[in-house]
Amino acid sequence: MSKAEETTLNYNFEDDVKGKKKRKNKNNSEKMSIFDILEPIVAALLVITIVFTLFFRIVNVSGRSMMPTLSNGDKIVISATGYEPQRGDIVVLSGAAGIKETIVKRIIAVGGDKVDINFTTGVVTVNGQEEEYTDSLTLQQFDIAFPITVPEGCVFVLGDNRAESLDSRSTEIGCIDERFIVGKVLFRLFPLGEGKVE
């Protein structure tokens with residue numbers, strides 16, 4: 001073999017090796033770019049899952065007791081930690097005696113408040129002030145005699161649809177220990193566009 005032929009063979013071999021390395025690097029860069037795209041998506045999904053598990057929950061509304069504020073089938077987001085009960089808040093309750101499933105009601109009064117309901121006029125008063133959370137009159141009476149003082153550490157709840165709500169007017173529900181409040185309703189997730197709940 002002549003020196004010219006040897007040089008040509010060596011040159012072609014080296015060129016071929018370089019070509020293979022380039023193709024390999026190109027394939028690695030394509031794999032890296034897919035990984036680079038998927039990594040932040042997976043991380044974001046993980047963060048969302050942790051946040052919704054620890055701090056927020058999604059709950060389905062069942063029944064008509066909170067109409068027109070909330071309707072049957074609405075999906076709501078509630079806070080799951082660090083909640084201090086306030087008058088007027090809509091909350092999700094679970095686990096209390098008489099509550100066989102998760103329910104959604106409005107806090108009308110907190111511990112130490114005096115609640116009175118005039119079932120003739122349909123007016124609810126808290127500490128002598130008329131509540132203004134609904135236009136619905138409270139005419140349906142259950143088995144609790146009014147006025148009552150809410151025990152400390154408890155809340156008195158009513159549904160906004162007073163004619164179709166089993167709530168603190170009944171001994172079946174009564175005043176609810178704050179420990180059975182799962183969380184405060186923050187906003188409506190579904191139907192879309194409905195947003196904030198007040």
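The lining of the largest pocket comprises seven nonpolar, six polar and five charged residues. Here Ala, Val, Leu, Ile, Met, Phe, Trp, Tyr, Cys and Pro count as nonpolar, Asp, Glu, Lys and Arg as charged, and the others, Gly among them, as polar.

The model is predicted: local features need pLDDT of at least 70, side-chain atom pairs count only at pLDDT 80 or more, and totals for chains, interfaces and linings use all residues. Residues are numbered from 1 along each chain as its sequence is written, and side-chain values use heavy atoms, with hydrogens and water left out.

The largest nonpolar core has 14 residues, of which Val115, Ile117, Phe146 and Phe156 touch the most other members. Such a core is a set of buried Ala, Val, Leu, Ile, Met, Phe, Trp, Tyr and Cys residues joined through side-chain atoms within 4.5 Å. Buried means under 20% relative accessible area (1.4 Å probe, protein chains only).

Strands are DSSP runs (E, at least two residues), numbered from the N terminus. Side chains alternate along S5. Val115 and Ile117 point to one face and are buried. S5 and S6 pair in the antiparallel sense over four bridges; pairing requires at least two DSSP bridges. Asp116 has Thr125 of S6 as its bridge partner.

Note on methods:
Buried means under 20% relative accessible area, exposed over 50%, partly exposed in between (1.4 Å probe, protein chains only).
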